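Here's a quick briefing to read alongside the model.

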Amino acid sequence: MPIVAQSTETTDWVSRFADGVIEESERRAPGKPVVVASGLSPSGPIHLGNLREVMTPHLVADEIRRRGYQVRHLISWDDYDRYRKVPAGVPGVDETWAEHIGKPLTSVPAPKGSPYPNWAEHFKAAMVESLAELGVEFDGISQTEQYTSGVYREQILHAMRHRADIDAILAQYRTKKAPAKKQQQKPVDEAELEAAEGSGAAAEDDGSSGSAGYFPYKPYCGNCEKDLTTVTSYDDDSTELTYSCTSCGFSETVRLNEFNRGKLVWKVDWPMRWAYEGVIFEPSGVDHSSPGSSFQVGGQIVGIFGGKQPIGPMYAFVGISGMAKMSSSKGGVPTPADALKIMEPQLLRWLYARRRPNQSFKVAFDQEIQRLYDEWDRLEAKVADGSVLPADAAAHSRAVRTASGELPRTPRPLPYRTLASVADITAGHEDQALRILSDLDPANPLTSLDEARPRYDKAEAWINTHVPADQRTIVRDEPDTELLKSLDEQARESLRLLLDGLADNWSLDGLTHLVYGVPKVQAGFSPDATPKELPAEIKTAQRTFFALLYQLLVSRDTGPRLPTLLLAVGQERVRTLLGE
């Protein structure tokens, strides 16, 4: 198949990467499916930063599929990695899980109450569900299954035969503080592993051992299942390997050509998989791209396995509004499932599609989500009327559909901030929510909440889970008679003008025109006068009027947009609270 150098969306980063990946795939493996890859460790909640590891190759793979090529997007579940520490903030987990540190993730019990058979499957399941909602197609590969079934046996034996070559490559990057093999007879402790992970080194040792020499392979103990083992001898001809466990004291001799209870250390494992799977494209985080890190070292080690390093753009960190870089070791970090509770998958896809991989961005869980939705709705309007810029059109297209088709969407996508306000005010009463939303556009009323779903449900979830109780809107039960009595004549007149216009303006647009128009009329101007035609004092008068209405309706100086609030309260109750 000839290379399609350009797609119809030629100005976005995804298309540019797709061009390069197709060209490289034709050079390395002509006629074969293009292989892109991601790797995820289900060592704890898989957060929104980890999602970039998947979304970057997904978007590129999807563009390649749109051009008619066959693509495999591999997600390697690193579920045969060691359990390093007990993550904070995980329900159903206590300090007793520390006894499992050093075991494969698939040998660690799932949190209490989980329906899944082990730790890895528990955290994998939530991510699989989120990826399905996001429209991400992938081939999942369990590294536990690969290693324990002997799939990588020849690669392991090859690495052991070439351990001196691997050791020489790794030696170029070892620090002077710990170059001697004798100093690393014991496994790296948890504090060092945490520091290593933070600095971009592999989250385990590189296989260095004691007097027997260097070995890139780590057995899991046949007694306690932990990787706190040291290889004490190995014979290339017979493949006999002897190891001892520093945790329980167990020791045994096995034949590596029939032994399936261990794995290559990370800095060797990753490039081995590149070669084995023929990976053309796999991004890595900035912590894997620093000097001496896994990606850089892997670029040299992959040649030992007869492969080439993938095209591997660095991707920047993802944060959330008001928080720093995410780290799953801290606990309580938002996951894709958390984000999808409060936003539609199109919006979440758009956040990853519109920024180049090396650009950081934040996912909003605070009030910023309303602004993001406003921006998204403006983009949708531009797409509809044909005024959208090419790069924005490309990001929009990648957000709303994949090569397999369009993602399910809300039939009537009403403004998110309006839906949030309605959900806030009605506190779960769907009949009241439908009444208010039906009044937004009397000429085309909403007939069922299902027309506004799932966006309405996402907005309601945001209100219920991310807006503090002291910021929720509670409408007054009775008029504030003391405040009403204290008003001067100008304030009373502003309320009369509003009440006189309620019946004729009972819609979102009508009430917007009315509440902004009252201060204009009081100042002797037309309610249709534009800001350019008005003195600056009008804005001050509007703010004063709005604060008065909020105080009379919800006993605060601010609240949801007034037109939405008025619709929510209802005309009869508004008249009562405003002292008619």
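The protein chain has an accessible surface of about 25400 Å², with 50% of that belonging to carbon and sulfur atoms; areas come from the Shrake-Rupley method with a 1.4 Å probe, and for residues only the protein chains shown count as cover. Keep in mind that this is a predicted model, where local features need pLDDT of at least 70, side-chain atom pairs count only at pLDDT 80 or more, and totals for chains, interfaces and linings use all residues. Residues are numbered from 1 along each chain as its sequence is written, and side-chain values use heavy atoms, with hydrogens and water left out.

**Whole chain**
- Of the chain's 580 residues, 52% count as buried (under 20% relative accessible area, 1.4 Å probe, protein chains only).
- You'll find 22 helices and 14 strands here, taken as DSSP runs (helices: H or I, at least four residues; strands: E, at least two) and numbered from the N terminus.
- Among contacts (heavy atoms within 4.5 Å) with a separation of 6 or more, 70% link residues 24 or more positions apart.

**Helix H6**
- In H6 (residues 163–171), the buried residues are Arg163, Ile166, Asp167, Ile169 and Leu170.
- They sit on the same side of H6 because they cover an arc of only 160 degrees around the axis, going by the directions from the helix axis to the C-beta atoms.
- Their cover includes helix H5 (153–161), strand E5 (229–234), H8 and helix H9 (294–301).

**Asp269 in H8**
- Helix H8 (residues 266–277) contains Asp269, which counts as buried because its relative accessibility is 0%.
- Beyond its neighbours within four places in sequence, Asp269 touches Tyr147, Lys263 and Leu264.

Terms used
Buried < 20%, exposed > 50% of the residue type's maximum accessible area, 1.4 Å probe, protein only.
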